[in-house]
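Student: I have a new structure to read. Where do I begin?
Tutor: Look at it, then take one feature at a time.

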Amino acid sequence: MKLYKNILFALLLTGGFSCSKFLDVVPDNTMRLENIFQKKEDAWNALAKVYSYMPADDNTHNTSWLLGDEWIGRLDLNDVTGNVHGIRIMRGLQSKSSPQLGYWSGSNGGTPLYQGIRQCDVFLQNIDRVNDMTESDRNDWKAQVKMMKAYYVFQLIRYYGPVVLPTKMATPESSKEELFIPRSKVEDCFKYVLDLMDEAIPQLKERANENDLGQIDKMIALAIKAKVLLFRASPFYNGNREYFGDFVDSDGKPFFPMEYDREKWKQAIDAINAAIVSAEGNGHGLYTYQKQPYLYDSAAFRLNGDKMKTLYDLRMVICDPWNKEVVWGFSNLNYYGQGEIAHATNIRLPVGYGDGVTNSATFSWQWLAATYQMAERYYTKNGLPLDEDRTFDMNLKYEQLTTPGESDPEYNQLRGFMQPGAETINLYMNREPRFYANLGITGGFWRAHTVRINTKMFANSDGGFNSSVNATDYLTTGIGVQKMVHPESMSGAWQRTIKFPYPLIRMADLYLMKAEALNEYTGPSSEVYNEINKIRRRAGIPDVETVWADPSLTRDPGKHLTKEGLRDIILYERSIELAFEGQHYWDMIRQKRAPAAFSAPVWGWTVTGADAKTFFNLEVKQQRKFTITDCLWPIDLNEMNTNGRLIQNPGW
């Protein structure tokens, strides 16, 4: 399996080999930097060190994927400052004295990206000293490091806006002016990133070897460049006079471009097209499940085959390791430890299912839940938002019902999606397949621990709050997320789990990026619809222009015919297809919608309820606070005190 062929590189990245930390050693009279780069093996370790600074987005407490309104952790962690940093930010608990996920200097779960950038400079300055490697390998490794340096600067731009550009590596001989550098204009920061990428891309291998998956090759680099140009063209970074008209440097000049430049979308389109051509030319495309279904779903496949095939396509797209949809995956995994998003979301194995480790908390924490907002966000079966679909009665969404029985002919269309004769509500019925593939709901199924669990989510039931097992580990909204859990992942030991690369860029993202960029540049067209429909057809829902033109289905017929309406549709499609993958937060930031989107409280069901009547009652679980100030994160106060030429972000 490709995942395990990459273990060597992953171990180097995670410190599995002690030599991966050699660059932390301060050279003394017997150890000189030039001696460290004598052999190819040394250079390989230094290359691994460069990659080791990638933000740990697989790790529950340190991931940026918890930013936004999709996730909520168990409530007893709310006041523990060392945990779930992403959610703390969404609660309005960011600060300049102790930044959460501080990527500038590495505080509170944040990777110190400027240290990573320096590691890139050390590598580039010394790689030519190595004698026992080919010029081809040397050029490829240099290009990888240049791409990583550009990627780290891009990450800093996303979080902080204008950054200090690493144009020259500091040395003990550096002057004060060379050490203490002011922040550059946002447009100059993007230019620095793109120039470095353009310098690197021609020198990269077209595709990394199977043993090196996760390392940057030309295909990945083109996708990263496309993402950078999408951000550069987006309203937050392109003419954002509304937010940052008065955010100026020491000369009184704005840090952000004040005038909107439509042509930036054309540059993004060209880059996205190049990325798609490269990926498709290398065998990548939308994932579909090609293996035999699990035995517990054999009857459902026999009687509800087409819908079950769609369900499996969607259920496995993330957790089937290194599948063809993954353009770039995060492979810096800790193979032996727990703490990944997958571990925090997987529910315990209830009593009576198979031969697994029943109700073990190890690798099955059962406390990272979906917000109620996500239960509403998914489309109806018609591929429309709940409040846009004329066939869905919003006034009856909480009405309780019992699904058809096993022998009822009406149950066949629900096989594999909902349990027979189960208590549930209208909100959970007649939804699109991604709803059932991604979430864990009352009356549905949870595929993990090599079995299919009949989730109820009521207190003392399968998937629900159970104080006799663990009074603190529970899904606080009563809604689970199984999207990140491999169906064969179990509890008890690392050998019983299935690891996979967390997707940083996948094909669905690229197709929807293209749709967005085309719409922004030229407006609605059949080409834009085609890109969206690639995703919708895999998801088992009607084409976008079909449903949005049908007045018998939509309350807003023709919405797809205007640039503004289609923009909403594309962003909504991204919020569902890329749900829980760390994309929605940035989409809302890019389009200047984050303050409005993320200031609502998080709601959820009453998890102590033991039946439908007492469970299906909404209550506020957590207050959220997100303002324009939160769109740019604070620079650590220690950094501000050290470098007097830094200007703090607005509001901090």
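Student: Is Gly540 buried, partly exposed or exposed?
Tutor: Keep in mind that this is a predicted model. Buried means under 20% relative accessible area, and exposed means over 50%. Gly540 has 40% relative accessibility, so it counts as partly exposed.

Student: Where does Gly540 lie?
Tutor: Find the elements on either side. Gly540 sits in the loop between α19 (526-538) and α20 (544-547).

Student: Which residues is Gly540 in contact with, leaving aside its neighbours within four places in sequence?
Tutor: Two names answer that: Thr310 and Pro433. Lys381 is 159 residues from Gly540 along the chain, and their C-alpha atoms are separated by 8.4 Å.

Student: Now the whole protein. How many helices and strands does it have?
Tutor: Its secondary structure comes to 25 helices and 12 strands.

Student: Why does the radius of gyration agree with a compact globule?
Tutor: Set the value beside the rule. For 652 residues, a compact globule would have a radius of gyration near 26 Å. The protein has 25 Å, so the two agree.

Student: What share of the residues counts as buried?
Tutor: Of the 652 residues, 62% are buried. The accessible surface is about 23,900 Å², and carbon and sulfur atoms hold 48% of that.

Student: What do the contacts say about the sequence?
Tutor: Take contacts between residues at least 6 apart in sequence. Of these, 71% join residues at least 24 apart.

Student: And the charges: how far apart are their mean positions?
Tutor: The protein has 73 positive and 79 negative charges. Their mean positions are 1 Å apart.

Student: Which residues have the most contacts inside the largest nonpolar core?
Tutor: That core has 201 residues. Those with the most contacts inside it are Met148, Ile216, Ile224, Tyr237, Phe256, Tyr428 and Phe580. Helix α7 (residues 135-160) gives the most to this core, with 14 residues.

Student: Let me follow one of them. What does Tyr237 touch, not counting residues up to four places away in sequence?
Tutor: Its partners include Ile157, Arg158, Val186, Phe190 and Phe256. Trp586 and Ile589 are also among them.

Student: Is Trp104 buried or exposed?
Tutor: Read its relative accessible area. The value is 6%, so Trp104 is buried. Trp104 is in the loop between α5 and α6 (113-126). Leaving aside neighbours within four places in sequence, its contacts include Tyr114, Leu156, Arg183, Glu639 and Leu646.

Student: Arg183 is in that list. Is Arg183 buried or exposed?
Tutor: Arg183 is buried, because its relative accessible area is 6%. Arg183 lies in the loop between α8 (176-179) and α9 (186-200). Leu646 is 463 residues from Arg183 in sequence, yet their C-alpha atoms are 6.3 Å apart.

Student: Where do Val84 and Gln366 lie?
Tutor: Both are in loops. Val84 is between β1 (71-72) and α5 (85-90). Gln366 is between α15 (341-345) and β3 (369-370).

Student: Are Val84 and Gln366 buried or exposed?
Tutor: Check the relative accessible areas once more. Val84 has 4%, so it is buried. Gln366 has 5%, so it is buried too.

How values were computed. Residues numbered from 1 in each chain as written. Predicted model: local features only at pLDDT ≥ 70, side-chain atom pairs only at ≥ 80, totals over all residues. Heavy atoms only, no water. Core = buried A, V, L, I, M, F, W, Y, C linked by side-chain atoms within 4.5 Å. Buried < 20%, exposed > 50% of the residue type's maximum accessible area, 1.4 Å probe, protein only. Helix = DSSP H or I, 4+ residues; strand = E, 2+ residues; numbered from the N terminus. Contact = heavy atoms within 4.5 Å. Rg over C-alpha atoms; globule rule 2.2 N^0.38 Å. Areas by Shrake-Rupley, 256 points an atom, 1.4 Å probe, with all protein chains shown as cover. Lys, Arg positive; Asp, Glu negative; His and termini not counted. Charge placed at Lys NZ, Arg CZ, Asp CG, Glu CD.
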